[in-house]
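Okay, thanks everyone, let me put this one up on the screen.

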Amino acid sequence: MPMGHTATPQAGAGLTATEHRLANGLRVVLSEDHLTPVAAVCLWYDVGSRHEVKGRTGLAHLFEHLMFQGSASVPGNGHFELVQGAGGSLNGTTSFERTNYFETMPAHQLELALWLEADRMGTLLSALDEESMENQRDVVKNERRQRYDNVPYGTAFERLTAQVFPEGHPYHHTPIGSMADLDAASLEDARNFFRTYYAPNNAVLSVVGDIDPDTTLAWIEKYFGTIPSHDGKQPPRDGTLPEIIGEQLRQEIVEEVPARALVAAYRLPQDGGRAADAADLALTILGGGESSRLHNRLVRRDRTAVAAGFGLMRLAGAPSLGWLDVKAAGGVEVPEIESAVDDELARFAEEGPTPEEMERAQAQLEREWLDQLATAGGRADQLCRYAVLFDDPQLAFTAVQRILEITPEEVREVAAARLRPDNRAVLVYEPAESAGTESGDDGHDEEEAAAQ
């Protein structure tokens with residue numbers, strides 16, 4: 001039978017979670033909250049695109065779709081129909097580092113959601129055939145076209161990550177996968193992938209909300225406890241890299257886009273330490289919303305841009321990405337914008353944040369974290385995240401405190417060390433019509449899910 005212990009939450013937060021593990025290795029995290037009559041179920045599998053091998057990219061994301069294609073007891077589209085028919089909502093996403101599935105249900109329908117997740121974990125292989133494989137392969141390829149290949153700026157993420165993470169790095173390719181690899185994936189590839197990664201000992205299940213913990217654990221034991229574990233998983237390849245790229249990587253893209261744009265990715269500290277929190281604060285001050293330095297400089301003062309943002313994509317197994325995105329105002333050339341950006345970054349690296357900026361950025365990130373933890377689904381997701389990526393779900397309850405402990409000097413230091421021209425990959429977008437040519441895009445692929 002599962003064993004558990006109660007957490008010590010962040011002071012004043014009033015949130016707790018208990019942890020349990022089934023005999024087959026499934027890790028379970030429960031957080032009781034009777035504020036509203038809902039229950040959220042979240043299941044994180046420790047598999048993402050970083051676990052894929054060359055020539056078979058996109059399998060993790062393809063499997064996210066296959067998990068909604070039917071299992072032994074729930075054929076076809078039945079998973080959606082049963083959850084939505086019971087008044088619930090559901091979805092799944094894929095990233096570099098995990099694949100997750102989640103339902104938010106009326107509390108009295110919790111058992112249904114647990115049964116559904118267990119049924120597809122335990123029996124999907126018996127329902128997986130060539131027809132469902134071809135169906136979802138086509139769905140994913142169409143998603144690639146609609147969301148990445150055929151939309152303005154759609155290939156930016158894939159192009160930049162391929163430069164920040166060099167060839168052979170586990171994060172070099174993005175979760176959407178390439179068309180060629182999607183075509184090459186066989187039914188046996190998919191079956192082997194499922195056997196390896198969709199095992200209970202490679203997953204964390206969290207249940208949050210208006211629940212009775214003993215009853216919930218009994219249901220989990222009943223439905224998940226008989227699913228066998230699997231020991232064939234290899235650990236992900238090492239994702240560490242030098243802190244600095246060492247040169248500015250640059251590419252000009254001529255495409256049918258509505259405006260010139262400067263898009264760049266910086267190599268920043270891996271998630272899980274103070275440096276990543278300091279980087280998050282730095283990018284919030286520089287580009288997080290209409291009170292940020294870049295918005296004030298480029299959009300309000302200079303009027304050279306119509307939008308300017310700078311945000312952190314946290315990654316646990318590789319350097320995080322600082323994502324800069326500036327859309328130029330009409331008639332403005334990108335070098336003018338880039339010069340102003342570099343001027344602002346250099347000034348920030350020298351002077352650091354003002355006390356007012358520091359307070360505002362900490363309050364902004366605190367509010368975002370508390371908004372996540374306030375909902376059953378958001379809390380369930382964060383408990384899974386910290387369990388899978390950092391082996392401690394309780395860290396979800398102290399994330400706000402860690403942000404508030406960062407000093408202005410730490411923020412300045414990470415900006416000075418990392419927000420440099422020789423530590424970024426840059427894309428300069430030029431509208432095809434202004435250049436008088438057809439699109440110069442070569443059809444590179446783009447990514448699915450993003451980021452936390």
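So, the lining of the second largest cavity: by class it's 2 nonpolar, 5 polar and 2 charged residues. Keep in mind that we're looking at a predicted model here.

Who are they? On the lining you'll find T284, I285, G288, S291 and S292, along with E357, R360, A361 and Q364. Two elements each give two or more residues to that lining, α9 (274-287) and α12 (355-374). The largest share comes from α12, with 4 residues. As for volume, the second largest cavity holds about 60 Å³ of space.

Okay, on to the backbone. Most residues other than glycine have a negative phi, and I picked out two that go the other way.

Y153 has a positive phi, near 65°. You'll spot Y153 in the loop between α4 (130-149) and α5 (156-164). Is Y153 buried or exposed? Its relative accessibility is 15%, and the cut-off for buried is under 20%, so Y153 counts as buried.

Then there's R303, again not a glycine, and again with a positive phi, this one near 55°. R303 sits in the loop that runs between α10 (293-301) and β10 (305-313). Here the relative accessibility is 64%, and exposed means over 50%, so R303 counts as exposed.

Key
Residues numbered from 1 in each chain as written. Predicted model: local features only at pLDDT ≥ 70, side-chain atom pairs only at ≥ 80, totals over all residues. Heavy atoms only, no water. 1 Å grid on protein atoms, 1.4 Å probe; cavity = no way out; pocket = protein on both sides within 12 Å on 5 of 7 lines; lining within 4 Å. Points joined across faces, edges and corners; volume = space filled by probe spheres on them. Nonpolar A, V, L, I, M, F, W, Y, C, P; charged D, E, K, R; others polar. Buried < 20%, exposed > 50% of the residue type's maximum accessible area, 1.4 Å probe, protein only.
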